[in-house]
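The entries below follow the order in which I looked things up.

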Amino acid sequence: MSQYRIAVVVGSLRKESFNHKLALALAHLAPEGFTFEHLRIDDLPLYNQDMDSQQPPEVLRLKSEIVSAQGLLFVTPEYNRSIPGVLKNAIDQASRPYGQSAWAGKPAGVIGVSVGAIGTALAQQHLRNVLAYLDVPTLGQPEAFVQNKQDLFDDKGHIGNADTKKFLQTWMDKYLAWVKTHNG
Ligand SMILES: Cc1cc2nc3c(=O)[nH]c(=O)nc-3n(C[C@H](O)[C@H](O)[C@H](O)COP(=O)(O)O)c2cc1C
């Protein structure tokens with residue numbers, strides 16, 4: 001039986017998104033007892049504070065999925081040296097109305113894949129800044145900046161490169177321990 005439900009937020013809406021693939025591959029590195037559910041963010045309206053008193057059903061759905069999770073896993077590309085707008089929109093939506101944020105206290109991991117060697121480093125730093133304000137305890141180390149190379153994924157969608165798999169296994173072990181620690 002699953003004891004820990006991880007809400008996965010992928011910062012790309014692209015069908016063939018490498019970050020989406022990375023999120024799926026990471027789930028294969030978790031032991032039994034963890035389930036990974038991808039939160040839908042592509043149907044959220046653009047955030048408008050006028051709607052705080054009547055949040056649309058898509059936003060209420062997102063908030064309730066976050067509230068019922070024991071951990072958050074953000075897997076995001078870097079867009080123009082920051083986080084994609086769709087991700088920020090989802091974060092803003094679920095953070096409001098003031099005092100009713102769904103994010104507070106949920107332990108999080110931040111990771112991402114990009115074509116560049118230091119890809120997602122700046123996006124991850126920007127995301128950490130936002131999450132700190134929202135009172136989301138975020139795993140500090142190890143950091144994980146994954147570069148997309150041809151053998152990153154095998155034909156089953158698992159991590160294909162042995163060294164990368166070893167590194168990501170360590171990262172996942174630390175992240176899942178972080179989730180457990182924050183769920184006492
Ligand atoms: C609007 C836009 C801005 C981008 N900016 C960056 C960037 O700042 N740093 C970077 O490493 N890659 C950047 N890229 C390239 C992305 O890393 C690459 O497209 C990646 O595959 C996107 O992630 P996805 O495959 O999950 O959709 C950018 C791509 C787009 C579409």
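I began with the polar contact, which I take as a pair of N or O atoms within 3.5 Å; within protein, one must be able to donate a hydrogen and the other to accept it, and residues adjacent in sequence count only if both atoms are side-chain atoms. I noted that this is a predicted model, in which local features need pLDDT of at least 70 and side-chain atom pairs count only at pLDDT 80 or more, while totals for chains, interfaces and linings use all residues. Residues are numbered from 1 along each chain as its sequence is written, and side-chain values use heavy atoms, with hydrogens and water left out.

**Entry: the ligand**

Which side chain has a polar atom 2.9 Å from a nitrogen atom of the ligand? I found that it belongs to Glu78. For ligand oxygen, I recorded a distance of 2.7 Å to an N or O atom in the side chain of Arg14, and one of 2.6 Å to such an atom in the side chain of Ser17. The ligand taken alone exposes 620 Å², of which the protein buries 72% (Shrake-Rupley method, 1.4 Å probe; for residues, only the protein chains shown count as cover).

I then listed the residues around the ligand (a heavy atom within 4 Å of it), among them Phe18, Asn19, Tyr79 and Arg81. By class, this shell holds three nonpolar, six polar and three charged residues, where Ala, Val, Leu, Ile, Met, Phe, Trp, Tyr, Cys and Pro count as nonpolar, Asp, Glu, Lys and Arg as charged, and the others, Gly among them, as polar.

**Entry: the sheet**

I read an open sheet of five strands in the order S2-S1-S3-S4-S5, with parallel pairing; strands pair if DSSP finds at least two bridges between them, and strands (E, at least two residues) and helices (H or I, at least four) are DSSP runs numbered from the N terminus. S2 (34-38) and S5 (145-147) stand at the edges with a single partner strand each, so one side of each has no neighbour in the sheet.

Four bridges join S3 (residues 71-75) to S4 (residues 108-114), and Leu72 stands opposite Ala108 in S4.

**Entry: backbone details**

I checked the bond between Arg96 and Pro97 and found it cis, with omega about 0°; Pro97 sits in the loop between helix H3 (85-94) and S4. The bond from Gln141 to Pro142 is also cis, and Pro142 is in the loop between helix H4 (121-133) and S5.
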